Amino acid sequence: MEEILVKNKMEVEPIKSLILKMSIPPLISMCMQYSYNLLDCIFVSCVSEKSLSAVSIIFPITTLYIAIAIWIGVGVSVLVAKYLGEKDEEKANTIVANGIIVSFVVSSLITFITMKIMRGFILSFTSDSETIGLALEYMDICVFMAIPCAVHICIQKVLQGTGNMLAPMCFQIAGVLTNLIFDPILIFGYFGFKPMGVRGAAIATVMGYTVSTILAFFVLIFQKQKVKLGLKYFLIRFNHVRDIFVVGFPSFIMNVLGAAMVYNTNLFLKEYSEIAIAFFGAYFKIQQMVIMTLNGLIQGCIPVMSYNYGAKREDRLKESLKIGTIVAIILTSFGIVMLWTFTKNILLTFNPPKEMFEFGIFGIRIMSLGYVFVGITTMIASYMQSTKNVGKSILINLCRQLLVLVPVMFVGSKTLGLKGIWSAFLITELICVVFSFVLYKNTKIDMENIGSR
């Protein structure tokens, strides 16, 4: 009887306490996930301004790696939660095995592609030979983070889909601590190591992801879980692979559009100065600590919504969205307060030149005001994703970071210069929160034919 109660906690436990239990560990995990590049930026900014620019230029590529990993991982997590809600453990186990295979294959392919396009990507932002050399030096090593990043995030999402939120947080923290310890040692050359600069930062990053992957496999294989691995589950089921990609695609869009947004913004900023690109790279990493904290909440809410959707509990499904949205507003509001209060301190962390300090204060404060709207919009998009309204979830994310943002940024840059670019983020979030709410109010969820969808 005790085992049955544990298996059904997402169906019977009060939503408020359930979401908090499910969200706090991934909230910490997602915050940690994006701390890798932030830590690299903080340390390399002490080496030189060009080192910071180099790492900032590379950031869209590492963000793409994480976006692809989350795409597969969230697809696996949603399907595992759904099938457990339907009491179909065999399908859940098959999804897990297929997800791990897909993570490895796709990340290997991405590693190969990155090696081929890396120089051209860097040259699209700068012609400075020193910055180009530093960026190539960093990425020559960091390219090898793609595989351990994808595999360990897949296992992380598998466990989250079963309701196990603590273990993923633990192996995520272990990886970040590895990066934090070895970053200064390898960058500056402590304890007998030769100073490696940006190359040392990249090595520490790859080490961190590798540690997380080893621990993730240990937890999945050697500790008791609600899903299990077995050779019979490792046969590729193309229908399951298709479902993983389809269901996780909105999360990929949400994350890869972050990389696309940085790329597009940098194209606007390079018309002003390399310092503007360096500032936005540093700011975006700070922003990601807030947004990824929000995404951690979402990753806790998605299994709850998916499970109760599979179990045909519309009352709990709707309550999950309501409580999740309230918590999202609280979290993002706290982020706004912190960034407004400590704006100067945040900029000083990156050893900014005078020019960056002058436009950076306004930039951080105006862009951060949109966070509260991001919380509402992304919760609605996640609700759509959990109920298999994938197209609408994708549309919301496309509007936020591409379809609405780029035109608004273009107009802003032509009329107000840099201030117009920074202001475009707030204007876009205002437009998109209204659009997503209208979309939600006009969407009817079919709870009767779930099994056939």
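Over residues 1-6 the pLDDT stays under 50. The model has one contact (heavy atoms within 4.5 Å) beyond four places in sequence for this stretch. Where pLDDT is low, the predicted coordinates should not be read in detail.

Residues are numbered from 1 along each chain as its sequence is written. Local features need pLDDT of at least 70 and side-chain atom pairs 80 or more, totals for chains, interfaces and linings use all residues, and side-chain values use heavy atoms, without hydrogens or water.

The secondary structure comprises 19 helices and zero strands. Both are DSSP runs numbered from the N terminus (helices H or I, at least four residues; strands E, at least two). The C-alpha trace spans about 65 × 50 × 35 Å along its principal axes.

Helix α11 (residues 238-269) and helix α12 (residues 274-310) have axes that come within 11 Å and cross at roughly 160 degrees. Axes are lines fitted to C-alpha atoms over the stretch in contact, with angles from 0 to 180 degrees between N-to-C directions. The two helices are therefore roughly antiparallel (over 145 degrees). From α11, the contact includes Met254, Gly258 and Leu269; from α12, Phe280, Phe284 and Asn295 are among the residues involved. By class, this contact has nine nonpolar residues (Ala, Val, Leu, Ile, Met, Phe, Trp, Tyr, Cys and Pro), no charged residues (Asp, Glu, Lys and Arg) and six polar residues (the others, Gly among them).

Key:
Parallel < 35°, antiparallel > 145°, perpendicular 65-115°, else oblique. pLDDT = per-residue confidence, 0-100.
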